[in-house]
Amino acid sequence: TIGPDLTHVGSRTTLAAGILRNNAQSVAAWIENNQHLKPENRMPPFRIFSEGELAALSQYLAGLK
């Protein structure tokens, strides 16, 4: 397995083992700076996206219900 199953990630009420409410802003924060939010988790931070790309990606993931 390369990563988690994100099929229904938008229907979850929280992210990061319950530390974040599940919305597009939290998804964006998690993608970009997850090690600050939950140190030593297995996901590397992804700071490669422009602001627009990160917004589009987080909205897409939040919509996967």
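**A tour of the pocket and the helix pair**

Start by selecting Pro4, Leu6, Arg12, Trp30 and Met43: of the 21 residues lining the largest pocket, these lie nearest its centre. (A pocket here is an open set of points on a 1 Å grid over the protein atoms alone, with protein on both sides within 12 Å along at least five of seven lines; lining residues have an atom within 4 Å of a point.) You're looking at a predicted model, where local features need pLDDT of at least 70 and side-chain atom pairs count only at pLDDT 80 or more, while totals for chains, interfaces and linings use all residues. Residues are numbered from 1 along each chain, and side-chain values use heavy atoms, with hydrogens and water left out.

Stay with the lining: 16 of its residues are nonpolar, two polar and three charged. H1 gives the most to it, three residues.

Next, select helix H1 (residues 24-37) and helix H2 (residues 51-62), which pack at about 120 degrees with their axes 8 Å apart. (Helices are DSSP runs of H or I, at least four residues; axes are lines fitted to C-alpha atoms over the stretch in contact, and angles run from 0 to 180 degrees between N-to-C directions.) That angle makes H1 oblique to H2, oblique being whatever is left after under 35 (roughly parallel), over 145 (roughly antiparallel) and 65 to 115 degrees (roughly perpendicular).

Now show the side chains where they touch (heavy atoms within 4.5 Å): Ala24, Val27, Ala28, Ile31 and Glu32 from H1, against Leu54, Leu57, Ser58, Gln59, Leu61 and Ala62 from H2.

Technical notes: Helices (H or I, at least four residues) and strands (E, at least two) are DSSP runs, numbered from the N terminus. On a 1 Å grid over the protein atoms alone, a cavity is a set of points where a 1.4 Å probe fits but cannot get out, and a pocket is an open set with protein on both sides within 12 Å along at least five of seven lines; lining residues have an atom within 4 Å of a point. Ala, Val, Leu, Ile, Met, Phe, Trp, Tyr, Cys and Pro count as nonpolar, Asp, Glu, Lys and Arg as charged, and the others, Gly among them, as polar.
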